[in-house]
Protein chains: 2
Amino acid sequence: MPTPAKTSRPELVAIARRLVEASGPDALTVSAVAQSAGVKAPSLYKHFADRAALLKACEIEILHELEATLRRETKGDSPRARLISMAAAYRRFGKAAPNRYRVIYSGNAFTDPEIREACLFSAQPLFDELRAAGIAEDRVLPVSRTMVPFLHGFVLMEIGSAFNLGGDVDEAFELGLETILAGVPR
Amino acid sequence: MPTPAKTSRPELVAIARRLVEASGPDALTVSAVAQSAGVKAPSLYKHFADRAALLKACEIEILHELEATLRRETKGDSPRARLISMAAAYRRFGKAAPNRYRVIYSGNAFTDPEIREACLFSAQPLFDELRAAGIAEDRVLPVSRTMVPFLHGFVLMEIGSAFNLGGDVDEAFELGLETILAGVPR
DNA sequence: CTATCATGGCTAATATCGTTAGCCATTGAG
DNA sequence: CTCAATGGCTAACGATATTAGCCATGATAG
């Protein structure tokens, strides 16, 4: 390859992620990323089509990170315990870095095939655990469509400080989860 | 009041809403609103502190509209039927105008007292129905914190085309809802 | 009536974005 | 050794939000 590259796709994504996670999506400016990479703004377009592509790369990386986190932190003996553990890990993932979580599902990106794939990938751990819990194959999808919206909505609302009427939020999370897991044997 | 005003706060909000709902939040540019109001961009700042304030006004209006919609469209004899009806109305509200729905909870606006108030207002119909369903007062909040995240997450995902693995989405919605309403007698 | 003064327009200007065009230096491959 | 592609750079454009400062109006106090 000609002309030694001062930066690289992965490095740029890493920088972009740092910006987003530290200060929200608006902080992901082309100039800021470039500057942090020791490069001028227009040079970024040699690596990414546009700012959206950069953000998309972040989103995909984050979804992979979510998948890995769920796999790593899901523990327990019974299927039910594992599902509860996974849900807690999901929630922790969101709370640990709100701006990171907010990137997920941002945009109407589901039309994008790469995002679709990454989302599907990040959902695999749940599918696997549901199967392991003995949920019939044709119920895995419907049950996921109860759990994931609940988790997603809960995390979004929690990191947005929407639960501001007092009461124990941890308890509410457990209650909701247990309600949803009613069909899964203890 | 001096100098006849060419426009007004409410008109500007209406215009802003039209733009947002038609083409998403990015379409809400100060110039576009101004032009549509027959006024130059800087004049908007006589009515709103900044673009964010205009968007906030939209969000509050939308939350009030949501409340009214829920009140209007919640029907049924049994408490359970009414809750199901309300949930369906909520989902319809989101699907009818995805960009309108997306404005809700956008931003981390819950720190803003006016937004908080509007959110609380929009949640009243649910609280009322839960009470009418005989849910104990100290359970209303926890149960809401199961239902609302589910509804919010479901609608967000649905309007984002996240349910793209086939299967009947309507059915999944009903299943999720019934699971959550398990405690409410038929 | 008239003087006042706050309201709500306007023009002009600035800073910051994303993005494109076009140029040039490097360097790996033939 | 040549050469072409890669990946940098400068310059520039258009859009955006926002500010400063000016001016006409017209309700209101005297």
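Predicted model: local features only at pLDDT ≥ 70, side-chain atom pairs only at ≥ 80, totals over all residues.
**Helix α3 of chain B**

Which residues of α3(B) are buried? They are Leu54(B), Leu55(B), Lys56(B), Cys58(B), Glu59(B), Ile60(B), Ile62(B), Leu63(B), Leu66(B) and Leu70(B).

**Chain A as a whole**

Turning to chain A, its secondary structure comes to eight helices and zero strands. Read from the N terminus, its elements run α-α-α-α-α-α-α-α. Along the principal axes, the C-alpha atoms of chain A fill a box of roughly 60 × 40 × 30 Å. Chain A has 186 residues, of which 40% count as buried. If you count contacts in chain A between residues at least 6 apart in sequence, 65% of them join residues at least 24 apart.

**Helix α4 of chain A**

Helix α4 of chain A (residues 79-96) has 18 residues and reaches 25 Å from its first C-alpha to its last, close to the 26 Å expected at 1.5 Å a residue. Its buried residues are Leu83(A), Met86(A), Ala87(A), Tyr90(A), Arg91(A), Phe93(A) and Gly94(A). Seen down the axis of α4(A), these buried residues fall within an arc of 155 degrees, and therefore they line one face of the helix. What do the buried residues of α4(A) pack against? Their partners in chain A are α3, α5 (98-103), α6 (113-132), α7 (137-159) and α8 (169-180).

**Two loop positions**

Leu44(A) has its place in the loop between α2 and α3 of chain A. Is Leu44(A) buried or exposed? It is buried, because 22 other C-beta atoms lie within 10 Å, where 20 or more are needed. Leaving aside neighbours within four places in sequence, Leu44(A) is in contact with Leu12(A), Val30(A), Val33(A) and Ala34(A). Leu44(A) and Ser31(A) are 13 residues apart in sequence, and their C-alpha atoms are 8.9 Å apart in space.

Ser161(A) lies in the loop between α7 and α8 of chain A, and Ser161(B) is found in the loop between α7 and α8 of chain B. Phi of Ser161(A) is near 60 degrees, a positive value in a residue other than glycine. Phi of Ser161(B) is likewise near 60 degrees. Ser161(A) counts as partly exposed because it has 14 C-beta neighbours inside 10 Å. Ser161(B) also has 14 C-beta neighbours inside 10 Å and so counts as partly exposed.

**How the two chains meet**

Chain B can be laid on chain A with an RMSD of 0.1 Å, by a turn of 180 degrees and a shift of 0.0 Å along the axis. The two copies are therefore related as by a two-fold rotation axis. The same surface serves both copies, since 100% of the contact residues of chain B recur in chain A.

The contact takes 31 residues from chain B and 31 residues from chain A. On the side of chain B that touches chain A, α6, α7 (137-159) and α8 (169-180) of chain B each supply at least two residues. The most comes from α7(B), with 11 residues.

**Around the DNA strands**

There are 24 residues around DNA strand C, and those that come nearest are Pro2(A), Val30(A), Pro42(A), Asp50(A) and Pro2(B). Two helices of chain A, α2 (30-37) and α3 (51-73), each supply at least two residues of the surface near DNA strand C. Around DNA strand D there are 23 residues, and Pro2(A), Lys40(A), Pro2(B), Pro42(B) and Asp50(B) come nearest.

Here are the surfaces by residue class.

| Surface | Nonpolar | Polar | Charged |
|---|---|---|---|
| Surface near DNA strand C | 13 nonpolar residues | six polar residues | five charged residues |
| Surface near DNA strand D | 12 nonpolar residues | six polar residues | five charged residues |
| Side of chain B that touches chain A | 17 nonpolar residues | 11 polar residues | three charged residues |

Definitions and conventions:
Residues numbered from 1 in each chain as written. Chains lettered and ligands numbered in written order. Buried ≥ 20, exposed ≤ 12 C-beta atoms within 10 Å, placed from the backbone. Helix = DSSP H or I, 4+ residues; strand = E, 2+ residues; numbered from the N terminus. Least-squares fit on C-alpha atoms with pLDDT ≥ 70 in both. Contact = placed C-beta atoms within 7 Å. Near = placed C-beta within 6 Å. Nonpolar A, V, L, I, M, F, W, Y, C, P; charged D, E, K, R; others polar. Expected span 1.5 Å × (residues − 1). Arc of directions from axis to C-beta.
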